[in-house]
Amino acid sequence: MRRFRDLLEEEVVEFPEHERSPVPGSPATPTHGPATRLAYAFVAVLVGITAGLSSALVSVNTLQLQQMLDLSTHQVAWLSTSYVMSAVSANLLLIKVRQQYGLRRFALTFLTLHAVLALILVFAPGYETTLLVRAISGFVAVALIPLCLFNMMQAFPARWRLRGLVLGIGVTQCAIPLAHVLSPALLASHGWRSLFLLEAGLALLSLAALGMLRLPPAERVRVLQPLDLLTFVLMGSGLALIAAVLGLGRWEGWCQAPWIVASLFIAIPALVVAGAIETCRQTPLLNLRWLGRGDVARFAVAIFMARIVLAEQAFAIGVMGELGGTAQQLAMLSMAMLGGAVAGVLVSALTVNAEKLARPMMLSVGIIALAALVDSVSDGQHHLQRFYLTQAAIAFAGTFFLGPALLLGITNALQHGSRELISFIVLFGIVNALGALAGPALLGSHHDGSRAVGGTTLDAMMDTSRLVAVIAGFTTIYLAVLLILRIRRRLAELGNERAGGPTSQPGPVATPIAQSINSHWRPPRPSSASAVAFAALALLGVALVVAAWHQPVPSAVDLLRPPG
């Protein structure tokens with residue numbers, strides 16, 4: 001038991017001021033050597049891919065899972081919806097859990113849970129089990145994404161730490177195009193079991209990596225209060241019900257299913273009551289007064305609209321199929337999307353500028369508008385080649401957008417304090433999760449409506465692409481207006497500073513101080529027993545990943561059977 005406690009506990013270290021995190025529950029940022037930085041970067045990529053693929057492998061294979069598991073359209077829709085329902089609720093509470101109980105305990109507990117859930121799906125198949133595990137996995141994924149960010153930030157020196165943050169959030173966003181690339185080979189191996197074998201193997205590898213390489217200790221504070229639980233129940237249930245409406249409304253009928261109306265009648269009052277409680281508290285779970293301010297609310301709307309238009313990529317694959325695209329062409333499209341997403345992450349990290357964060361956001365949505373407009377006129381087989389370029393551009397814009405959007409809110413929040421930073425991070429997670437459901441719901445309903453009035457499937461898809469182009473165009477104009485307002489406000493502030501300059505009193509002359517001393521903290525080596533245990537987990541993880549890709553040996557009957 002003592003060894004187990006030592007494995008979960010963090011050492012207490014007094015870091016100098018410049019190495020401390022501005023938010024309790026986040027690790028310190030000491031200086032590391034090149035080898036240690038490389039190790040942290042590897043762990044960040046591994047954990048980020050593990051967190052992202054948890055939902056991506058299901059969301060991009062809904063039709064295949066529906067056929068393999070013999071599910072109805074409503075049942076398969078619940079798989080992705082239940083994941084978002086728990087994820088959007090988990091955003092409210094997990095930051096404070098991490099602050100109070102420690103980062104390492106938080107990391108190892110949730111990664112262990114993630115691996116166990118994936119293994120349950122491999123060995124105990126069934127729709128009810130899959131639905132329960134998907135719901136819990138949404139909770140777990142919200143815990144894993146910060147671990148990717150923290151490890152990636154450790155991989156960069158102080159002057160490039162913002163680039164590490166952009167890379168970290170970008171890695172998690174590459175999961176969907178990566179799932180498109182990997183899925184055909186996985187499904188050809190062991191069907192749906194291969195998806196969960198890969199997920200379980202990656203989870204065990206991530207657990208072993210984080211167990212062997214410790215993050216720097218984080219400050220722990222007692223932040224949980226009894227009213228936090230009440231707010232979590234009210235607001236979390238309200239957001240979960242709204243997620244359920246967005247995820248199932250298209251399939252159940254927006255105005256036909258009684259449970260949808262009942263869910264809205266429960267969700268809206270629950271959110272109003274939770275908001276009233278939070279507004280009156282001295283130390284709220286969410287600082288709604290600050291979140292309701294102009295800048296924060298306006299850019300939250302922009303992020304939500306951007307997530308909606310990114311759903312166009314799901315229809316592009318359907319368009320290529322309708323135009324007669326072959327399996328090889330679909331594979332090429334998936335590779336183009338993955339290449340565009342990776343390029344977007346790298347370019348965003350290389351070009352990020354804390355003073356000019358709204359411009360890349362506006363550029364990204366403009367690229368989506370132009371690419372969707374080109375897609376809307378690609379109605380023949382001779383236009384198939386265009387999809388490689390347009391979908392790579394949309395994937396690029398999606399990952400190029402997200403890093404600056406996150407940094408814009410963080411820099412704004414840090415000017416007001418750590419509580420506001422926590423509130424923004426929660427808002428960012430909720431807006432992204434709901435936007436990811438609202439996009440397919442809106443575009444899918446428009447597609448269904450176009451088909452209902454007599455259009456063909458291809459015509460409906462083209463019409464949906466035109467709708468995306470219109471929404472993205474309006475969002476670009478909206479972001480341009482916000483940028484102009486920010487520039488005007490900044491010029492006014494500079495003018496006030498110049499006007500007040502001659503009358504201001506000179507401040508005291510600064511005395512030179514000695515350069516800050518680094519802590520020289522190094523990740524402690526695990527004990528022999530821990531090293532053996534984590535090595536065994538890593539080997540098991542590798543075995544599961546290999547098993548996911550193992551092609552079944554065809555029988556003699558299969559070899560003699562004619563193709564098709």
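**Cysteines, a helix pair and one threonine**

Modeller: A search of the whole structure finds zero disulfides, a disulfide being a pair of cysteine sulfur atoms within 2.5 Å. This is a predicted model, in which local features need pLDDT of at least 70 and side-chain atom pairs count only at pLDDT 80 or more, while totals for chains, interfaces and linings use all residues. Residues are numbered from 1 along each chain as its sequence is written, and side-chain values use heavy atoms, with hydrogens and water left out.

Biologist: Which cysteine has the sulfur closest to that of C148?

Modeller: C148 is buried at a relative accessible area of 0%, where buried means under 20%, exposed over 50% and partly exposed in between, with a 1.4 Å probe and protein chains only. The closest cysteine sulfur is 10 Å away, too far for a bond, and it belongs to C174.

Biologist: How many charged residues are in the contact of α7 with α8?

Modeller: Helix α7 (residues 161–173) and helix α8 (residues 175–190) pack at an angle of about 40°, with their axes 5 Å apart; axes are lines fitted to C-alpha atoms, for helices over the stretch in contact, and angles run from 0 to 180 degrees between N-to-C directions. The contact (heavy atoms within 4.5 Å) involves V171, T172 and Q173 of α7 with A175, I176 and P177 of α8. Of these residues four are nonpolar and two polar, and the number charged is none.

Biologist: Is T476 buried or exposed?

Modeller: T476 lies in helix α19 (residues 457–500). Because its relative accessibility is 17%, T476 counts as buried.

Conventions
Helices (H or I, at least four residues) and strands (E, at least two) are DSSP runs, numbered from the N terminus. Ala, Val, Leu, Ile, Met, Phe, Trp, Tyr, Cys and Pro count as nonpolar, Asp, Glu, Lys and Arg as charged, and the others, Gly among them, as polar.
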